[in-house]
Every structure is written in C-alpha cells, then in structure tokens.
Amino acid sequence: MSNPGYGQRSVPGRRPRSDQDFAHLPRREATVAAYIDRLPDGCDISVKTLAKWLPYGQRALSTALGRIEAAGHLRRGSECLTTDRTMVWVTRTYFSRTARDDAWWAAFVRGDAPPEQRRPTRSRAFVLLAALGRTAPSLSLSAADCVNLEARVAEWFARGATEAETLRALTEGLPAVVHHPASLVRRRLIDKLPPERPVPAPRTVVLRTLECGECRAPGSPEALRQGRCRACRGEAVDTLAGPPGAVPTTGVRQRMAAVRAALVPRPERTERARGVRPPR
C-alpha cells in the first residue's frame, strides 16, 4: 500500500472482469494492466514497486504505463480532499478496466462521468408487478399483465413514489375475492396516481486535474489527448492570449513602471494624511 492520498484509484462504472479486458493491448502491457486491475485501491503502482513484483525493469514498466495510458485505461492527476478543517491536493492515478476515450475522462474530471450503457433485463416496475403475488396472492399476474402494466408503475416511480408506497396502494383493502387481478391493479394505478413531487438530485462538486503522462505538466482533459500534452505529442504549442484585458508578457515591466510612476511618493502621502499642504 502507498502513502495516504497516493496510489491506484478505480473509476466508477466498471464492467465485470473478463478474459478479454486487455486483449487489445500488447502482451507486456496486458500483463501490467491485468496486474493493476486486481490490486485494491490505494496500492502503490510506481515503476519501482511494480518492478519488484513483475518480470520487467523500471524503464520497460514506464513505457508500458505510458501505452496503457494512451489506450485509455489510466490517467494521472490530482484531487482535492476537503475536511471540516483542511483542504489538501493529493496525487491520484486513476485506472479503468474499460478503455475510455478523452471525452469520458473529461467528464470524469468534472465529476459527471456517464454511467455504463447497460440495459437491465427487467425494470423496477416489472419486478414489482411480478412479485406482487408474494404480498397478495390474489393479485398474482402473468408475464403479459406485467408488461402491459409496466408503464403505469413506471409513472408512479417518475413522480417520486417508492416501491413500498406503490405496493401499499395496490395491496391494502382488497376485496375478499378478486376475479380479475390485472384489471384491479390497473384501476388502482390510475385512481391512486400520486401528484408530481420532483426531488432535485444532489450534485457533488469534484475538484480534479490531470497531468501529462510524460512530462507531468498539468493541463485540461481536452489538451491531454491519450494522456499526453501537445509538446509531448510533437505538436506546436499555441501561446495563450489570456483573459480579456490581460497584459502581454512582454509588456509587464513597462506597465509596472507606469504604475509606479503614477504613485504618490510616501512623504507626500504622509503629509496629506496629517493635513499639511505641500508648498506651491
């Protein structure tokens, strides 16, 4: 394990592990990536530590980590950790079992990484309807009934109703004999539909930065394509114009000289404060 704040960190939304996770990588890089993927969060994955456990030298491991980063599995950067008393920036090495593109890593830095696009086999509404007969045997529904009523239960969930509230509305006060369970459930879903009560989802503010995998220079996710900055990719680096009204680098000294010349000398400021007028 590494020191607190350092080491490997897994990104959210990981898919189940399989034998083909790193099949697109060369053999050495796939071996290193598979080894890191099986480590718990917080482990030291520096080249010196990896060289003690893997059959590769530090230079080879450094090259392998760079290729793993270029493939979209790894990013290095910093993250701000806050407590009631302190706020400190710590070094992070983020690892993803699934290869991510630059757009996903940019969303991850902002704290709103998109979840995995995996369609569940059955929705919450279908599961509730299918299990309705366990609570009230007289309301046992067929698979076709669950499909037909699924949209109406989903509307309850969209209005903020919980599974317990929906189940209570469908099962309380049932007649002694239920001849048509699907019709009774449909009638109650329509008549007892709750009012809309949207609940704003809490948004967590995340402070993260990324850095180049070669020169370790910090930069925005848009500038760090495949984990490397423009200079390390061999591209021309544009000079930043800065915000509106910013003074060019070449004119800073002239501007400061003009500001100093416009200042009132200290003796005159002292005399003015005392109410002494300078001689004319």
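## The largest pocket

In this predicted model, 24 residues line the largest pocket, and those nearest its centre are I45, L65, R76, T93 and R216. The space in this pocket amounts to about 480 Å³. By class, its lining consists of 10 polar, 8 charged and 6 nonpolar residues.

Three elements, α3 (58–70), β2 (74–82) and β3 (87–95), each contribute at least two residues to the lining of the largest pocket. The greatest contribution is that of α3, which supplies 7 residues.

## The packing of α1 and α3

Helix α3 also packs with helix α1, which spans residues 27–37. The angle between the two helices is about 80 degrees, and their axes are 9 Å apart. An angle of 65 to 115 degrees counts as roughly perpendicular, and α1 and α3 are therefore roughly perpendicular to each other.

On the α1 side, the residues in contact are R28, E29, V32, A33 and I36. They meet A60, L61, T63, A64, L65, R67 and I68 of α3. By class, this contact has 8 nonpolar, 3 charged and 1 polar residues. L65 of α3 takes part in this contact, and L65 is also among the residues that lie nearest the centre of the largest pocket.

## Two residues with positive phi

R216, another of the residues nearest the centre of the largest pocket, is located in the loop between β4 (208–211) and β5 (218–219). Although R216 is not a glycine, its phi is positive, at about 65 degrees. Is R216 buried, exposed or partly exposed? Its relative accessible area is 38%, and R216 is therefore partly exposed, since that class lies between the limits of 20% for buried and 50% for exposed.

Q226 lies in the loop between β5 and α10 (230–233). Q226 is not a glycine either, yet it has a positive phi of about 55 degrees. With a relative accessibility of 42%, Q226 counts as partly exposed.

## The chain as a whole

The protein chain contains 12 helices and 5 strands. It has 280 residues, of which 32% count as buried.

Methods
Residues numbered from 1 in each chain as written. Predicted model: local features only at pLDDT ≥ 70, side-chain atom pairs only at ≥ 80, totals over all residues. Heavy atoms only, no water. 1 Å grid on protein atoms, 1.4 Å probe; cavity = no way out; pocket = protein on both sides within 12 Å on 5 of 7 lines; lining within 4 Å. Points joined across faces, edges and corners; volume = space filled by probe spheres on them. Helix = DSSP H or I, 4+ residues; strand = E, 2+ residues; numbered from the N terminus. Nonpolar A, V, L, I, M, F, W, Y, C, P; charged D, E, K, R; others polar. Axes fitted to C-alpha atoms, helices over the stretch in contact; angles between N-to-C directions. Parallel < 35°, antiparallel > 145°, perpendicular 65-115°, else oblique. Contact = heavy atoms within 4.5 Å. Buried < 20%, exposed > 50% of the residue type's maximum accessible area, 1.4 Å probe, protein only.
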